[in-house]
Amino acid sequence: MKHQKYLSKLLRNSVIDSGNIHEASNVVLSAYVRASYLKDGSIWLLDDNGSMVCSFILDNHDSSPSPFSSMDETQVQALIDSLNNLPYLTLDRNHLTSAYWVSNIDLVNHTLILTPVFYKGQMVGLIQGRRQAHQPEFDNDDIQFAIALADIFGRVILATQNNKLQHALKNANLELEQKILKRNTDLKKTLKDLQTAQNHLVESEKMAALGQLVCGVAHEVNTPLGIAITSLSILGDEVNKLKNAYDAGTLDESTFMAFVESAKSAHDIAEVNMHRAATLVREFKQTSVDQSHRALIKLDLKTLIESIISSLTPIYQPYRVEFAIEIPENITIITYSESIDQILTNLINNSCIHGFRESDRPHNLIYIKVFIQKDDFVIDYQDNGVGIDDAIAKNVFTPFFTTNRSNGGSGLGLSVIYNLISQKLKGDIRVVEQDASLGAHFQIRLPRTLTLDQESET
């Protein structure tokens with residue numbers, strides 16, 4: 001085959017599979033024009049409108065050849081009908097009438113060969129070679145070379161499409177990365193905003209609880225102090241009466257005995273109430289000391305729980321709450337007392353706010369029972385408030401979940417309890433299923449001895 005060296009060179013040329021259709025077209029046409037001694041060679045491609053356009057042209061004698069006119073849809077269909085699944089088509093002056101669809105091609109002075117180009121089984125264009133009339137006719141070698149070039153240009157189109165797809169994929173990946181980066185930035189900002197909001201709500205809850213506790217403490221301490229001050233004032237009046245009687249010389253036994261009885265009564269009342277105030281201050285101070293040290297300590301469970309309940313009087317007293325406590329004697333535990341304090345405080349506060357707020361009972365009940373279970377102790381906590389519906393029970397430990405947001409509930413109380421129990425105290429808490437009308441019922445299981453190893457795992 002006289003064109004073999006051109007064909008071998010083309011097959012080894014990296015431009016063919018580079019995806020650059022312009023460079024590849026120039027290489028193919030250059031080999032075609034030189035090997036087959038053409039006046040010119042051209043590559044025609046179908047466009048989106050169904051027309052066929054001369055996309056690339058190379059003239060052996062003219063460095064700037066004039067482009068051929070495009071074929072419209074009717075002409076393209078006539079071309080396809082003429083090819084009729086043939087691998088090539090040759091035209092000369094004998095085809096002037098039958099090749100009416102050829103545009104701007106002088107068949108009087110030229111002969112030409114057309115070879116279709118296929119991509120994925122569909123004709124997408126053709127390669128045209130043209131000789132002047134005085135040149136030899138296209139022989140079999142010329143025809144086979146033209147067919148081979150059409151197959152090679154099919155590879156060019158495939159490489160070009162792959163290059164477009166890779167470029168589109170690269171752009172899509174870049175766009176996706178940018179979207180992901182923006183999404184991550186937005187998520188980080190959202191997370192930061194949520195953390196800020198959570199911290200704000202936690203602090204708000206702390207301040208609300210602190211305000212409630214301070215008001216309660218002030219009320220509890222002021223009551224006995226007020227009574228003591230009143231008693232002392234009465235005692236002062238009685239002393240003045242006694243002095244006036246003495247100065248006037250009217251002091252007799254009956255007046256003195258009346259003074260003694262009034263003074264003793266006032267003293268007893270003042271002493272009882274001063275002791276009551278001192279006891280309240282001591283209990284609140286003990287709670288503060290426990291929370292400030294935050295260390296594992298050994299303590300008696302019954303004493304701890306009773307002390308906590310006593311210190312929470314300002315919280316539950318307005319709700320007419322009575323306690324039924326069932327705790328065995330001499331249960332010694334090693335744990336964080338401030339965490340037990342916070343757990344019971346939140347539970348009792350929840351019972352008051354959620355369980356007893358709408359209650360019209362003369363007395364509301366909180367029942368606390370403790371029992372031992374191997375190396376753990378279980379706190380069984382139950383109230384006789386409005387209870388927890390089964391549909392709500394599964395969400396009560398979720399942060400910010402609350403059914404009382406309209407009254408200022410933050411939804412953090414039980415979430416704080418859950419985290420303290422599961423993380424800090426290495427235990428668990430569950431809602432005991434029951435009829436909602438029977439009240440809220442929780443069971444808390446905690447290790448009797450919390451070790452430093454367990455603490456380090458938190």
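Trp44 is buried, with a relative accessible area of 1% (buried means under 20% and exposed over 50%, with partly exposed in between, for a 1.4 Å probe and protein chains only). This is a predicted model, in which local features need pLDDT of at least 70 and side-chain atom pairs count only at pLDDT 80 or more, while totals for chains, interfaces and linings use all residues. Residues are numbered from 1 along each chain as its sequence is written, and side-chain values use heavy atoms, leaving out hydrogens and water.

**Aromatic pairs**

- Rings of Phe, Tyr and Trp (its six-membered ring) pair if their centres lie within 6.5 Å; planes under 30 degrees apart are stacked, over 60 edge-to-face, and the rest tilted.
- The count by this rule is three aromatic pairs.
- One of them is the stacked pair of Trp44 and Phe68, at 5.8 Å centre to centre with 25° between the planes.
- Trp44 lies in strand 1 (residues 40-46) and Phe68 in the loop between strand 2 (52-59) and helix 3 (73-83), so their pair ties together parts that are 24 residues apart in sequence.
- Phe68 is buried too, at 10% relative accessible area.
- Tyr316 and Phe323 form an edge-to-face pair, with 4.8 Å centre to centre and 70° between the planes.
- Tyr316 is buried at 10% relative accessibility, whereas Phe323 is partly exposed at 22%.

- Have a look at Lys9, which is exposed with a relative accessible area of 59%.
- Helices are DSSP runs (H or I) of at least four residues and strands are runs (E) of at least two, numbered from the N terminus; Lys9 is found in helix 1.
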